Amino acid sequence: MSTQQPSPDEPWPGWVASEAAKAVYGMYLARIGQLIPAVLYAHVMDRQGLTAAHNAGRQDVVDAQVASVAMECREDLLEAAVVLDALALCHGHGSYLPRPYQETSTPVPTDVELRTDASNVAGELAGHDRRYGTSTTGDIPAPLEDGCTDSDRDAVRAYARREWITRQERWPGI
């Protein structure tokens, strides 16, 4: 593990952030770099714990862990949305894949796939916040639907950014 301290210029060792990512996330970009291993580790450990409990026939533990995962769903959506958004910003601006997407033999450019994934997760966040009233900033855009426009996708990504930055300002270190 690296001992390098993350910064907005280099939030992860070897990853030099784009000017677009720095402009959007500012000083909070370093925290997004820290999220990458944390989110992946938590995901793996949660699944491992559920699998072990299931295999041991411990339905009570499975139920408790599933309840915990459900309560953390909003944070998972927010963290995944901003990580994907920051990565997408480092690949420039451009188009998205259509919704619904039909697989073809033509490879999808990485930048387009990243932007699409970032908007899809941000759209799930918007949908969650509308359903459960969990927004911290208000003004929740409509969740993405089939036939959505690039502007719709940009709106949900911007919403996830506002939610992330508001969380960082209100509760530093979380």
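Arg99 is partly exposed at a relative accessible area of 26%, a class lying between buried (under 20%) and exposed (over 50%), as judged with a 1.4 Å probe and protein chains only. The model is predicted, so local features need pLDDT of at least 70 and side-chain atom pairs count only at pLDDT 80 or more, whereas totals for chains, interfaces and linings use all residues. Residues are numbered from 1 along each chain as its sequence is written, and side-chain values use heavy atoms, with hydrogens and water left out.

**Salt bridges**
- Arg99 forms a salt bridge with Asp146, with the closest N and O atoms 3.9 Å apart; the term requires a side-chain nitrogen of Lys or Arg within 4 Å of a carboxyl oxygen of Asp or Glu.
- Asp146 counts as exposed, at 57% relative accessibility.
- The side chains of Asp129 and Arg74 meet in a salt bridge of 2.8 Å, N to O, and this pair links helix 4 with helix 3 across 55 residues, helices being DSSP runs (H or I, at least four residues) numbered from the N terminus.
- Asp129 is buried, with a relative accessible area of 1%, and Arg74 is buried at 9%.
- Arg161 and Asp85 also meet in a salt bridge, at 2.6 Å from N to O.

**Nonpolar core**
- The largest nonpolar core has 26 residues, and among the members touching the most others are Tyr25, Ile32 and Trp164; such a core is a set of buried Ala, Val, Leu, Ile, Met, Phe, Trp, Tyr and Cys residues joined through side-chain atoms within 4.5 Å.
- Helix 3 gives the largest share of this core, 7 residues.

How values were computed. Helix = DSSP H or I, 4+ residues; strand = E, 2+ residues; numbered from the N terminus.
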